[in-house]
Amino acid sequence: MTEIWSAVLVLSITGAIFAMVLYFVAQKFKVVEDPLIDEVAEVLPGANCGGCGKAGCRAMAEAFVKQGNMDGLSCPAGGAEVAKKVAALLGCTPEEKEPQVAVVRCNGTCANATAKTHYDGLQDCAFANSLYTGESGCAFGCLGLGNCARACQFDALSVDPETGLPVVDESKCVACGACVKACPRGIIELRNKGMKDRRVFVACRNKEKGGDARKSCSAACIGCGKCAKTCPFGAITVENNLAYIDFNICKLCRKCVAECPTGAIHAVNFPPKVERPAAPAPTAEAPKPEAVPASNNQTQA
Amino acid sequence: MKTFAMGGVHPEENKISTAAVIEEFPLPKTAVILMNQHLGAPATPCVAKGDKVKVGQLIGKAEAFMCANVHSPFSGTVAKVETCKDAFGLTKPAIYITVEGDEWEESIDRTPDIKRECSLEPKEIVDKLKEMGVVGLGGATFPTHIKYSIAPDKKAEYLIINAVECEPYLTSDHRVMMEHAEEICIGVSILRKALGVPNAYIGIENNKPEPIAVMKAMAAKFEGIIVEPLKVKYPQGAEKQLINAITGRRVPSGKLPIDVGCVVSNVGTAYAVYEAIQKNKPLIENILTVTGKKLQAQHNYHVRFGTTYNDIIAHAMGTLPETTGKVISGGPMMGKAVSNLDGPTTKGASSVLVIDESEATRATESNCIRCGKCMNACPMGLEPYLFSSLVKNRRIEEAGAHNILDCIECGCCFFSCPANKPLLDEIRLGKNLYRGILMAKKK
């Protein structure tokens, strides 16, 4: 009988000693974490896409709580819905933001930009870009090796084997900007989704002179400036032989699309039957075009 | 017989143009002279459209530290100063020259007499090399005057002349040793004087018995020049491997040859040094091997920079053989495929290789089986298979911690891989990305 009691006693005493040690250690190394972080992390999408610029959703939640408001921070993947939820938790008003989508600004399909050489090296755009111009000879165009598609965490990008160009699935794209960062040539841009998802953009990044650009691709922007002259709103700037349409100014009249001699300007999601709406005359308060450098990758809002 | 300690492979030698005597390449009608033909910043053009230039006239001035002067290899009129597409289609600043006649600068000694005496002081030699735009002709085109300006806290003990020519196919060094042995030895003596070292070692692989004999006979007439035959193994011509083979020393990671007291120059550079110092001739031409298994005739040419690859092909073979898969500038192991044949040759060009389709295509890649052949082959003691997966998953900093920047890009790993994995491509990409990270950190 005494054996049993001594065993109980010994175990109880050691248990009490360890409990005390653990208590003091826990006090000494206590980490105080705001429970709000967990709540914010809960409402974030949890894809860890890195579109916000942080290491992942948890890091973003920490940044939100640390800052206490949403100024300068936004979750492109979650969009307005998540912003509203986070704002409710933080007790601030969410920033109103136009929904955006990734746009591939290259029209160098296999037919337009025929391959002059054959590349069988590492299937990685960043590597091919460091070696040479690419199969078509255009040093600005899409290499078609799919770094953007691999970077996409939402399965919204794929390289079309027929054209050799990436295709954006607009229903899946959350405009996180991962593809924009992955493209070594800055071809992909985040643009406002636009009214009824309609967009007009220059599908080319070639800054060479017209003749040189045409040599490598039949659908290249040759920098002729016709579109800029046609645009009634001054939304188009031509710099370094390359036109750029500012999506904040563009009113989707599509006059430039008709004017472009190479078909470098693309209009997407318009109804097939073209009923040209009467273009409203430029009003006095129409914003003046800002000089937008064509090389600018508009990753921000 | 000496060779380097670690790794290495034995590619098929294919030196089929060893017997072709160096020929003068005819002048083209127009030429494009790139402003960055060397490692570092491009030179600044100092002529304008419409200017008349002579052969050897300065047309691009070195303004940055890491830069070399560019001289006109042709006489004629400057057609335009603009950009051009180089052999890889990339846009570079260049000077276009319409070639008219062949009028040389008066200061250049064009007589065939060999000038043996050099009375210049070491400092004057380096300054003259800078003026003459001499760069290393082994492939990396490192400005020679920078290499021979030794920092005061460093001391050179060995001058090593690289005549290994371990790349398959290439024979320009072989030919220049056969035909210009005395000039090379004078050039080596000048470099020895510039460094102030007692001995210069000329490393030659023993698959070149004729040049070894010729150079040995010639070196005996000079003081302090030792010809060192080496056991054949690729990449013996790589700077660090050659130092290891000849001196037994190892260049530590991230250090330069001068840190172990060595300076290495190519044998072609030694010849260019002779011409620059003794004959006042700037670096305007190089010896190019034009070779390929399917070609009727093999050639070694004296080609002036700015001649386009198309000009060379048209003169050497008319048109490319129908089954040509690739045209490579440089050796088959380390050279680059030329994607734009309208592009001009540069100071670094050493050959035009016409590779047949059957040899040009890569075999299908399969999975790594961890056999370790790449590690055994790597002459730098690196782990290529590891870099491959780290780079693929973009874990670049880890690759950096495993010394990815030590890779000399010799291609032994890719050559030995039974799974045909593009190991070198991945490592090159990793190096580029890691350099980017380091640059960003510096800022």
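**Exercise 1.** In this predicted model, determine how helix 4 and helix 7 of chain B are oriented to each other.

*Solution.* Helix 4 (residues 181–195) of chain B packs against helix 7 (residues 267–279) of chain B at an angle of about 80°, and their axes are 7 Å apart. Angles of 65 to 115 degrees count as roughly perpendicular. Helix 4 and helix 7 of chain B are therefore roughly perpendicular to each other. Helix 4 of chain B contributes residues including I184(B), V188(B) and L191(B) to the contact, and among those it meets in helix 7 of chain B are V267(B), Y271(B) and Y274(B). By class, the residues of this contact divide into 11 nonpolar, two polar and one charged.

**Exercise 2.** Describe how helix 2 and helix 3 of chain A cross.

*Solution.* The axes of helix 2 (residues 35–43) and helix 3 (residues 57–67) of chain A come within 8 Å and cross at roughly 130°. L36(A), I37(A), V40(A) and A41(A) of helix 2 meet residues of helix 3, including F64(A) and V65(A). Eight nonpolar, no polar and two charged residues make up the contact.

**Exercise 3.** State the strand order of the open sheet in chain B, and identify its edge strands.

*Solution.* The four strands follow the order 2-8-7-4, with antiparallel pairing. Strand 2 (30–34) and strand 4 (52–53) of chain B are the edges, each pairing on one side only. Strand 7 (residues 76–85) and strand 8 (residues 91–99) of chain B are joined by nine bridges; in one of these pairings, G76(B) has V99(B) in strand 8 as its bridge partner.

Terms used:
Residues numbered from 1 in each chain as written. Chains lettered and ligands numbered in written order. Predicted model: local features only at pLDDT ≥ 70, side-chain atom pairs only at ≥ 80, totals over all residues. Axes fitted to C-alpha atoms, helices over the stretch in contact; angles between N-to-C directions. Helix = DSSP H or I, 4+ residues; strand = E, 2+ residues; numbered from the N terminus. Contact = placed C-beta atoms within 7 Å. Nonpolar A, V, L, I, M, F, W, Y, C, P; charged D, E, K, R; others polar. Parallel < 35°, antiparallel > 145°, perpendicular 65-115°, else oblique. Pairing = 2+ DSSP bridges.
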